[in-house]
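Open the model in your viewer and keep the selection panel at hand. We will go from stop to stop, and at each one you will hear what to select and what is there.

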Amino acid sequence: SIEVDDPSSAHALHLAGHATYCRAPPEVEQPLVASMLRDTGLGCGQYDPSGIRVTTLGRGEVEVFIGTKGHYTNWHTDFQENFTLQLSGVKRWRLKQ
């Protein structure tokens, strides 16, 4: 993985066949995650409804993954559950216990 700051470099890497991850800035990410935890109950009450603290124990990230045809990710474990929304294309999931 490498981190790039400018969109043109990220676009060039994507055109060269690399998958791209874009993470939302904290001021966008934290309220979205807190709202999702609250509204779905997935946070098991681990949010502050007063709005003083964005989250107390809940943790999450808001990311966009832009893959290329034929891209695959090796077996791995994430620190949290994933909620996936696919806008186009086809994805094959292989799950392992």
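Start by selecting L87, which sits in the segment after β2; helices (H or I, at least four residues) and strands (E, at least two) are DSSP runs, numbered from the N terminus. L87 counts as exposed, at 79% relative accessibility. For this tour, buried means under 20% relative accessible area, exposed over 50%, and partly exposed in between, with a 1.4 Å probe and protein chains only.

Before moving on, a word on what you are looking at. This is a predicted model, where local features need pLDDT of at least 70 and side-chain atom pairs count only at pLDDT 80 or more, while totals for chains, interfaces and linings use all residues. Residues are numbered from 1 along each chain as its sequence is written, and side-chain values use heavy atoms, with hydrogens and water left out.

Accessible areas come from the Shrake-Rupley method with a 1.4 Å probe, and for residues only the protein chains shown count as cover.

**The whole chain**

Zoom out and colour by secondary structure. The protein chain has 2 helices and 2 strands, and from the N terminus on they run α-β-α-β. Switch to a surface view: the chain exposes about 8700 Å², with carbon and sulfur atoms supplying 54% of that. Of its 97 residues, 11% count as buried.

Colour by pLDDT next, the predictor's confidence in each residue, from 0 to 100. The mean for the protein chain is 77, and 80% of its residues reach 70 or more. Among the elements, helix α1 (residues 7-15) has the highest mean pLDDT (88) and α2 the lowest (80).

**The salt-bridge network**

Which residues are linked in a network of salt bridges? Select R23, E29 and E61, and you have the network on screen. A salt bridge here is a side-chain nitrogen of Lys or Arg within 4 Å of a carboxyl oxygen of Asp or Glu, and by this rule the count comes to 2.

Take R23 with E29 to begin with: their side chains meet at 2.8 Å, N to O. R23 is partly exposed, with a relative accessible area of 48%, whereas E29 is buried at 6%.

Then turn to E61, whose side chain meets that of R23 at 3.5 Å, N to O. This pair links distant parts of the chain: E61 lies in the loop between α2 (26-40) and β2 (63-66), R23 in strand β1 (residues 20-23), and they are 38 residues apart. E61 counts as partly exposed, at 27% relative accessibility.

**Around helix α2**

Leaving aside neighbours within four places in sequence, E29 is in contact (heavy atoms within 4.5 Å) with R23, A24, G60, E61 and V62.

Last stop: L32, also placed in helix α2. L32 is partly exposed, with a relative accessible area of 46%. Where does V62 lie relative to L32? Draw a line between their C-alpha atoms: the separation is 7.8 Å, for residues 30 apart along the chain. For the chain as a whole, residues 24 or more positions apart account for 52% of the contacts with a separation of 6 or more.
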